Structure formats: C-alpha cells, structure tokens
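Biologist: Hello! Could you walk me through this structure, starting with any spaces inside it?

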Amino acid sequence: MTGPLRIGVLAIQGDFREHAGVLRRLGADPVEVRKPEQLDGLDGLIVPGGESTAISLLIRDGLEEGLRRFRGPVFGTCAGMILLGRDHLGLVDVAVRRNAYGRQVASFEADLDLEGEAVPLRGVFIRAPRVDVIGPGVEVLAEHDGEPVLLRDGRFLVASFHPELTDDTRVHERFLDMVRAEVMAGGGTL
Amino acid sequence: MAELGTMRVKGGLAEMLKGGVIMDVTTAEQARIAEEAGAVAVMALERVPSDIRAQGGVARMADPDKIAEIQETVTIPVMAKARIGHFVEAQILEALEVDYIDESEVLTPADTAHHIDKWRFTVPFVCGCTNLGEALRRLAEGAAMIRTKGEAGTGDIVNAVTHMRSVFGSIRRLGGLAQEELYSEAKQLQAPYELVRWVAEQGRLPVVTFTAGGIATPADAALCMQLGADGVFVGSGIFKSSDPFLRAKAIVEATTHFQDAEVLARVSRGLGDPMPGLSAAALAPEELLETRGW
C-alpha cells in the first residue's frame, strides 16, 4: 500500500468536518464529497451525522446513485445510519426508526461497552435513531440498555451515536481497519 | 447512566445542523414546505421579522398551540424564540419540548440588563451577537450555539456581513496577541478571560456559529458561508418572496455548494421576486433590532 488511505466524507450537510478531523488525526486523508465524481478512487466513505431528511433530498440528483455503486467500506453515524438502512438506500440490513428516543431534551450521553474492549466508550446520542430490526449476518458491536447502537454488516459499519464528537478514536480506528483489510484484498476503489 | 443536557449534547445538535438552512415559519403549512425544501430545522414564530417591523407592537413567544401544531407536522428539529431575559417563556418552551430556544432580539426584550441564565435548562439555546464580546458573554451564560444578528426583516445583507467580519476578524486578531495581552483584551471585550484565552488558542468560537438577518437570495447564503458561517437562518426572506418553495430549495442548495459558482448560477435562476427589501442604513436607530442585547 502506498500513501495514506483516502477516505471520502459526504459533505452535503452535518458534522462532516468533525469526521475529517478524526481521520486526519489517525493519519488518513479525508476528502469532502459533494458530487458523484468525487467518489472516484476513494478507499472508503463516511456518511456523517446531520439531518437525514435534508441530506436525502440533496443527494437525489446523482449522488444517491453514486453511493449505491460505491464498492468500498462505508461508515455511517446517526443520519448516516438512517440513510444506509432499509428505508433509504437499503445497503445495510437494519430497520431504523428516526428520533426514536424523543426530542432534543431527551438527547443524552452514556458509557457503552464496546465488543472486545475493557474500557467503555462514551456514546453521544443526539435525537438519535433506534434500530428496530436486524437482518441475519448483522453483527452487534455495542449496545445501550440492551439495544444495538453500533453494528457491522459486511463492509458497512453503522452507529446511532456520534463517535466523531468525542476524543475517543476507537470506532474510527475499527473502520480504518476494515478499509485496510479491503484494500489488501484488492477491493476498495471503483 | 445516561446524562441529559450536557454541553456536548446541547452543542451536538448544532453540530448536526451545520451546512444547513434554518427557516422561519408561522404555520404548519409553511413548516411542511420548509421541510420539503431541505431545511435542517424550522423556527416557529408568530410573525416573521418583516411583519413585526411593519406592524409594531410587542413581539412575544409564539402561541404554544402553533408550536405544537408545527411539531406534529415535521420531523426535523423545531426551534422557537423567547424574549431576551424572559426566562419563563423559556421554561414554557422547554416544557413544550422545542429542540432549541432562540433568545432573540427580534422579539421585544423583557429585561434591559440581563439575559436568561441558560445553564439552568436542559434544552439548548442559540443567541445573537454583533461582535466577539457579545458572543462570549452569551457563551458565559450557557448558550450552546451563536448566530450573528444581521438586521432581521430587511432583506439587506449588509449588517450580517458587518457582524461576521467583526466576530471572525476579532478572533483572527486575538490569535496574534501575546499571552499577557489577553487579560486587558478580555476587559475590552467585557468577556470572561478563560473564554477569551480559549478562543485565542483555538482560533474559533467553542460552539457552532450561524448567520442570520437579511438573507434573501442564494447568493446571500453562499456569501455568509464563504465568510465563515457554519450555516444560515433565513427569516422573512423565504415566505415573503413570490415562490417560497423554489427559493427555499435554492437557498438550501446554495448553502451546501457555497463554493461552486456554477451551482450558484444555476440555482439562482427562475426564482421569481425576492422579498421586498428595506435598506438597513435608512433605518432610524430606534428601529434597529441588532442593538437589543447587552
């Protein structure tokens, strides 16, 4: 492998700069994606938190098709998980209910047990979605109150919380490990 | 255990709104149009600023029935305005579970010296500012998001530009000061030293910073974004124009693609008439909203 991993961050709206910051800290090269052609040659892609309604409207001309065709690993947080789930792009086999914890006054942060790790992960949940149904083959990596909040489905990683809003980079590191494995296997880019 | 209303949770919602457009709405129907046009949130209010300006009188928090109706209509966040210093309006808005409270100079101030103590609330607050000192005073009171004020209800972008240049310019200048000069600078800014030092070191405000007041066209929105805003509030500019849906959609696209002149040219076409403008420079001092706030 030569050079840092090139990871796209969908930059339509939301906290894409925070994701880019974490990627930079981990030595990857973040690329803001606003048009379909910007997906070319990327090793992986992050769909950030934001307002899923607004983002889904703004990707209608072209970008949505580009996301469907993208073959590398994809990481979605909050709105990103909603967009990747069954009811939108249908790329991840989970049924997600929006704003399922309630309005902003019910937004919260809590410690999460991350699979395979002794130190808990601080989860920041903002008007967060809930995962109602999980398809077979979807792996649960973290739960909150017995409900899945971090999941992996093949080359997709999705979280209902915002690891990009804390200084803990472990979830992004896992994603970059997935990207590296894919690049080694010769997949990744289009 | 789950913790509610932490600064990270309050500011976190603003982070999710970045790069987006927050639109003033006065009815459920307008809220639906805003959501379909791609707004990231709506601001529920009784009258848009240009009507408040034209009709005069005391402008207060919106009718709770109206706020509830708008909450039932859309799934995006619903914000609402409280008068400056009117902490009971804020308590009511929190009980209604609005997603953000705007302690706003657009409404008639309820206190001539004190703003709301925003630390006491679980719901987050956004506050207006015209300069860095004012922004930092609001942050000291617990605001989780800042917007530059502009001059609401005019359709004239000039004051918004002045306020952004003032805030962002002051931040840049702070970065050039020596450590020992920051004490005196904090005094000049009438802001807490710790916040002044943080901003000097980081080169930005510790919260998301939007722009408001006078945005009427896609070009206005992109101008604010290029000057450094994280997103925009549009008040009268949408529902006082001839085709609110088309204009709202165009302003949303311009905010996302703010650096792409080809997209800006495309979305600026065929929008019909913008809101009727009012030159901010022609307003008498007592007609200005931006001077409210202390």
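Modeller: Gladly. A cavity is a set of grid points where a 1.4 Å probe fits but cannot get out, and its lining residues have an atom within 4 Å of a point. Please keep in mind that this is a predicted model.

Biologist: Which residues of chain B line the second largest cavity?

Modeller: The second largest cavity has a volume of about 110 Å³. Its lining includes A:G50, A:E51, A:S52 and A:C78 from chain A, and from chain B it takes B:L13 and B:M16.

Biologist: Which elements give two or more residues to that lining?

Modeller: By class, the lining of the second largest cavity has six nonpolar, three polar and three charged residues. The elements that supply two or more of its residues are α4 (79–84) of chain A and α1 (7–17) of chain B.

Biologist: What is the volume of the largest cavity?

Modeller: The structure holds four cavities of 30 Å³ or more. The largest is lined by 23 residues, and B:D24, B:A152, B:A212, B:G213 and B:G235 lie nearest its centre. Its lining has nine nonpolar, eight polar and six charged residues. The volume of the largest cavity is about 180 Å³.

Biologist: Which residues of α9(B) make the contact?

Modeller: By class, this contact of α7(B) with α9(B) has five nonpolar, one polar and no charged residues. On the α7(B) side are B:I171, B:L174 and B:G175, and on the α9(B) side are B:V196, B:V199 and B:A200.

Key
Residues are numbered from 1 along each chain as its sequence is written. Chains are lettered from A and ligands numbered from 1 in the order in which they are written. This is a predicted model: local features need pLDDT of at least 70, side-chain atom pairs count only at pLDDT 80 or more; totals for chains, interfaces and linings use all residues. Side-chain values use heavy atoms; hydrogens and water are left out. On a 1 Å grid over the protein atoms alone, a cavity is a set of points where a 1.4 Å probe fits but cannot get out, and a pocket is an open set with protein on both sides within 12 Å along at least five of seven lines; lining residues have an atom within 4 Å of a point. Grid points are joined across faces, edges and corners, and a volume is the space filled by probe spheres set on the points. Ala, Val, Leu, Ile, Met, Phe, Trp, Tyr, Cys and Pro count as nonpolar, Asp, Glu, Lys and Arg as charged, and the others, Gly among them, as polar. Helices (H or I, at least four residues) and strands (E, at least two) are DSSP runs, numbered from the N terminus. Contact means heavy atoms within 4.5 Å.
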